[in-house]
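This report goes through a structure in terms of its charged side chains, fold, dimensions and surface. The sequence and coordinates come first.

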Amino acid sequence: MPVVTKKPIDVAQESLTEVKLNVKTLKGDVSGLKQDIKELKEMIMKLNRNIQEQNEVSKQGWLW
């Protein structure tokens with residue numbers, strides 16, 4: 001059987017294609033992380049509002 005060798009341009013093209021796929025995957029991961037961060041910020045804001053409301057209720061309770 002003859003040994004098949006790839007041309008350097010073919011190897012480079014395959015590597016470039018793999019890099020492009022990796023970049024696309026990373027962009028998707030970053031996008032997902034940005035969404036997660038946005039949701040976490042919203043949750044933190046809601047928790048802070050709830051804490052502030054509870055503190056106000058507690059203060060009012062002490063005034064009576």
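## Lys6 and its partner

Lys6 counts as exposed, at 53% relative accessibility; the classes are buried under 20% relative accessible area, exposed over 50% and partly exposed in between, with a 1.4 Å probe and protein chains only. Lys6 forms a salt bridge with Glu14, and their closest N and O atoms are 2.9 Å apart. A salt bridge here is a side-chain nitrogen of Lys or Arg within 4 Å of a carboxyl oxygen of Asp or Glu. Glu14 is partly exposed, with a relative accessible area of 42%.

## Basis of the values

The model is predicted: local features need pLDDT of at least 70, side-chain atom pairs count only at pLDDT 80 or more, and totals for chains, interfaces and linings use all residues. Residues are numbered from 1 along each chain as its sequence is written, and side-chain values use heavy atoms, with hydrogens and water left out.

Besides the pair already described, Lys59 forms one with Glu56, with 4.0 Å between the closest N and O atoms. Lys59 and Glu56 are separated by about one helical turn, because they are three residues apart in helix α1. Lys59 is exposed at a relative accessible area of 51%, while Glu56 is partly exposed at 41%.

In general, side chains of opposite charge can pair when their charged atoms come close. The protein has 11 positive and 9 negative side chains, where Lys and Arg count as positive, Asp and Glu as negative, and His and the chain ends are not counted. The centres of the two sets lie 5 Å apart, each charge being placed at NZ of Lys, CZ of Arg, CG of Asp or CD of Glu.

## Fold and dimensions

Along the principal axes, the C-alpha atoms fill a box of roughly 95 × 20 × 10 Å.

Helix α1 covers residues 8–63 and includes Ala12. From Ala12 to Lys59 the C-alpha distance is 69 Å, across 47 residues of sequence. Leu26 also lies in helix α1, and its C-alpha atom is 24 Å from that of Asp10, 16 residues apart along the chain.

## Surface

Buried residues make up 0% of the 64 residues. Ala12 is partly exposed at 42% relative accessible area, and Leu26 counts as exposed at 52%. The protein exposes about 6600 Å², of which carbon and sulfur atoms supply 63%; accessible areas come from the Shrake-Rupley method with a 1.4 Å probe, and for residues only the protein chains shown count as cover.

Technical notes: Helix = DSSP H or I, 4+ residues; strand = E, 2+ residues; numbered from the N terminus.
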